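Hello,

Here is the structure I said I would pass on. My notes follow below it.

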Amino acid sequence: MLPRRDGQALHELESLFLSVATGDRLHFDAFPSSSAEFHLTSNRPDLVPHNSVQQAWAAFNSAIQLLHGRRTLQISAYLEKRIPEKTGLGAGSGDAGAALLALNQLYGFPLGHDQLVALASSLGSDVPFFVQSGACIVHGTGEIVDPISPLPPLWCCIALPTFRIDTRRAYAALDDAITREGASEVEPTVDLNSVIKILRTRISLGGSDGMRLNSFETTLGENTASFLSIRSMLLASGAILAGLSGSGSAVFGIYAERAAAEAAALDVQQRVSAARTFVAEIL
């Protein structure tokens, strides 16, 4: 993450985003109707109606209001939440991105890619990536999404510790750290090009407590020891890279083989009994 300039409302990012073969599930049923309607249910009813899927529908419906000859649909959507909030895995943003893509398809693709990206940007900094997906470098405030050439086969082990991270507080803590200590003290110690090279060669980086892939690793406070412990387990189990996902709290390890990722997940689960782990292919 880059420091904010004077008068800048949002931080500028320079991040590597990777899609993985797991996440929430979103199901749509659509029927012709005399009026546009959208009904959302979920296995997490506490999230309805003010979640990112509902926001995506409102933004999409507003964007196509003036289009002539558009379809009018009654849509029933069901959101199966699998990824918990405040883990830095982009679950809410992913739900919004998936909703935009699905709605655009159901309505016969009234919006082009650039229009979808602009609409996604209005919903959140991470949402534009989820209408692109794949492996991408994300710049600006999230609206600039540059795909990179496909990576070799890779797997990840993702560990969810018991603590959760509020994103707004994490950004505030990072701002404070930059103000107190300077940007150089929170910058990653491994640059983005090196990270991509490591993933392409699948040669382990190794690591130590001083290694940092993500500026937010400096904002964990009392949870730092828990993060470092899990990261050490992943690196010791042969992870090519390991670090904090987004603003946290999820800790990831990336592996060349599925079996190694599964063994790491079992090891973390046995040694940190309160943690949850899962393994997924990187797409």
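This is a predicted model: local features need pLDDT of at least 70, side-chain atom pairs count only at pLDDT 80 or more; totals for chains, interfaces and linings use all residues.

Helix α3 itself runs over residues 113–123, and its buried residues are Leu116, Val117, Leu119 and Ala120. Seen down the axis of α3, these buried residues fall within an arc of 165°, so they line one face of the helix. Asp114 and Ser122, on the other side of α3, are exposed.

The other helix I went through is α5, residues 167–181. With 15 residues at 1.5 Å a residue, α5 should span 21 Å; the C-alpha atoms at its ends are 21 Å apart, which agrees.

Which residues of α5 are buried? They are Ala170, Leu174, Asp175, Ala177 and Ile178. Looking down the axis of α5, its buried residues lie within an arc of 165°, so they too line one face of their helix. On the other side of α5, the exposed residues are Arg168, Arg169, Thr179 and Arg180.

Both ends of α5 have something to look at. At the start of α5, Asp166 has a side-chain oxygen that reaches to within 3.2 Å of the backbone nitrogen of Arg168. After α5 comes Gly182, and its phi is positive, near 95°.

Regards

Technical notes. Residues are numbered from 1 along each chain as its sequence is written. Side-chain values use heavy atoms; hydrogens and water are left out. Buried means under 20% relative accessible area, exposed over 50%, partly exposed in between (1.4 Å probe, protein chains only). Helices (H or I, at least four residues) and strands (E, at least two) are DSSP runs, numbered from the N terminus. The arc is that of the directions from the helix axis to the C-beta atoms. The expected span of a helix is 1.5 Å times one less than its number of residues. A polar contact is a pair of N or O atoms within 3.5 Å; within protein, one must be able to donate a hydrogen and the other to accept it, and residues adjacent in sequence count only if both atoms are side-chain atoms.
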